Amino acid sequence: MSSWDNMLDGKVAVVTGASRGLGLADALALAEAGADVVITDILIESDEQNEQEAERFGPIAQVMQSTNVMYADQTAREIQAMGRQSFAIKMDVTNREQAKDVFAKVKEEFGRIDILVNNAGTLDHVSQIENQNDDFWERDVNVNLTGAYNCTKAVWPYMKEQEYGRIITMSSVAGTLGGFGQASYSATKGGLLSFTKSMALEGARHGINVNAIVPGIVGTEAFNLGNAKMNERMINRTAFKKPGEPEDIANAITFLVSDKAKYITGVGLNVSGGIELFTF
C-alpha cells in the first residue's frame with residue numbers, strides 16, 4: 001500500500017481566506033503533503049490597506065486586523081521552511097478582475113494550478129429576519145457564494161487545459177440544517193452545496209473533481225469570539241461533546257484533493273462531530 005507522505009508532490013494549491021483559522025490550517029496541511037501553496041486573503045500583514053479592508057468586511061475582520069490576527073506572510077514562510085514554494089498575495093474574492101489577475105499570476109509563476117480551496121467567508125451576521133442587515137446580506141452573498149464562483153471561474157480554464165483539477169468549497173452545517181438568526185450565512189452555505197454539484201458535473205469530463213466540506217463547530221479564532229453560552233450549547237449538540245480542530249477540516253481536504261479520492265466528486269463531506277445526528 002502506498003504511503004500518504006508526499007502524496008501531493010508536484011501539485012500547486014491556492015487557498016483563499018488563509019491568513020488564519022481554517023484556511024491557515026488547510027494551507028499547512030497541503031504543504032505537509034507535498035504541495036506548493038499560495039496564500040490569499042484580504043488581510044496580509046505587509047499590506048498598508050488592512051484597516052480600510054477590515055472596515056469594508058465587518059466586525060470579525062476588524063477585530064482580526066486590530067489585534068494582528070493575520071498570518072498570511074508568516075504561513076508562507078513556514079511552508080517555505082518545509083522545502084515547498086509559497087507566497088502570500090492579497091485577493092478580495094468579490095473582485096472578479098482581481099481574482100483573474102491573481103490566478104494568472106499563480107499560473108505564470110508555477111506553470112499550473114491543481115488545487116483550489118474556496119475557504120474565504122463571513123460568519124458574523126446573526127439577526128432574526130426582521131433585523132437582518134440588508135448590507136450584510138449582500139456582503140455574505142458576495143463573499144461566501146459569489147466569491148467561490150469568481151475563483152472557480154478564474155481557475156477553471158487552467159484546470160481544463162491540463163485535464164486535472166481539485167476544487168473544494170467550504171460549506172457548513174448551517175447550510176444543511178439551517179441556523180437560527182443566520183439567514184444570510186445559511187443560505188449562502190447551502191447554495192455552495194448546489195454549486196459544488198453543478199461544477200462536479202461540468203468538471204468530470206475534464207478530470208476536475210469538485211467537492212464540499214461541511215464543517216460543524218470548529219475551535220477557530222472566530223468561533224472563540226462568539227457568545228460563550230451559545231458556543232457551549234452548540235458543542236453539547238455534537239456527538240463528541242467537543243469542538244473540532246482546524247486540522248480535522250484540513251485533513252479531510254487533503255484526502256479529497258489527493259488521488260486517493262480520484263473517484264469522489266460532488267459530495268458534501270460532513271466533518272462535524274456528529275452535530276447533525278439526533279443527540280440527547
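Let's start with His-206. His-206 sits in the loop between α8 (183–203) and β6. Helices here are DSSP runs of H or I with at least four residues, strands are runs of E with at least two, and both are numbered from the N terminus. His-206 has a relative accessible area of 15%, so it is buried. Buried means under 20% relative accessible area, exposed means over 50%, and partly exposed lies in between, with a 1.4 Å probe and protein chains only. Setting aside neighbours within four places in sequence, His-206 touches Met-159, Lys-160, Glu-163 and Tyr-164. Contact means heavy atoms within 4.5 Å.

A word on the source. This is a predicted model, where local features need pLDDT of at least 70, side-chain atom pairs count only at pLDDT 80 or more, and totals for chains, interfaces and linings use all residues. Residues are numbered from 1 along each chain as its sequence is written, and side-chain values use heavy atoms, with hydrogens and water left out.

On to strand β6, residues 208–215, and one of its residues, Val-210. Buried or exposed? Val-210 is buried, at 1% relative accessible area. What does Val-210 contact, beyond four places in sequence? The list is Trp-156, Ile-167, Thr-196, Met-199, Ala-200, Thr-265, Gly-266 and Val-267. Gly-175 lies 35 residues from Val-210 in sequence, and the two C-alpha atoms are 17 Å apart.

Now the aromatics. The whole structure was searched, and one aromatic pair turned up. Phe-87 and Phe-110 have ring centres 5.9 Å apart and planes at 10°, so they are stacked. For the cut-offs: rings of Phe, Tyr and Trp (its six-membered ring) pair if their centres lie within 6.5 Å; planes under 30 degrees apart are stacked, over 60 edge-to-face, and the rest tilted. The pair joins distant parts of the chain, 23 residues apart: Phe-87 belongs to strand β3 (residues 86–90), Phe-110 to helix α5 (residues 96–110). Phe-87 is buried at 16% relative accessibility. Phe-110 is buried too, with a relative accessible area of 16%.

The charged end of Lys-105 sits over the Phe-87 ring, 5.8 Å from its centre. Elsewhere, the charged end of Arg-139 sits over the ring of Phe-136, 4.3 Å from the centre. The test is NZ of Lys or CZ of Arg within 6 Å of the ring centre and within 35 degrees of the ring normal.

Next, α5 against α6. How do they pack? Their axes come within 9 Å and cross at roughly 35°. Axes are lines fitted to C-alpha atoms, for helices over the stretch in contact, and angles run from 0 to 180 degrees between N-to-C directions. The crossing is right-handed. On the α5 side, the residues are Arg-96, Ala-99, Lys-100, Phe-103, Ala-104 and Lys-107. They meet Thr-146, Tyr-149, Asn-150, Cys-151, Ala-154, Val-155, Tyr-158 and Glu-161 of α6.

Take α2, residues 50–57: Asn-50, Glu-53, Ala-54 and Phe-57 are its buried residues. Down the α2 axis they fall within an arc of 100°, so they line one face of the helix. The arc is taken from the directions from the helix axis to the C-beta atoms. Glu-51 and Glu-55 are exposed on the other side of α2. The cover over the buried residues of α2 includes α3 (59–66), β3 and α6 (134–162). Just after α2 comes Gly-58, with a positive phi of about 110°.

Now α4. Its buried residues are Ala-72, Asp-73, Thr-75, Ala-76 and Ile-79. Their arc around the axis is only 160°, which puts them on the same side of α4. Arg-77 and Ala-81 are exposed on the other side. Covering the buried residues of α4 are, among others, α1 (21–32), β2 (36–41) and β3. Gly-83 follows α4, with a positive phi near 95°.

Last, two non-glycines with positive phi. Asn-68 is at about 60°, in the loop between α3 and α4 (72–81). Asn-68 is exposed, at 52% relative accessibility. Lys-241 also has a positive phi of about 60°. Lys-241 lies in the loop between α10 (228–237) and α11 (246–256). Its relative accessible area is 40%, so Lys-241 is partly exposed.

Note on methods:
A crossing is left-handed if the near helix is turned anticlockwise from the far one by less than a right angle, and right-handed if clockwise.
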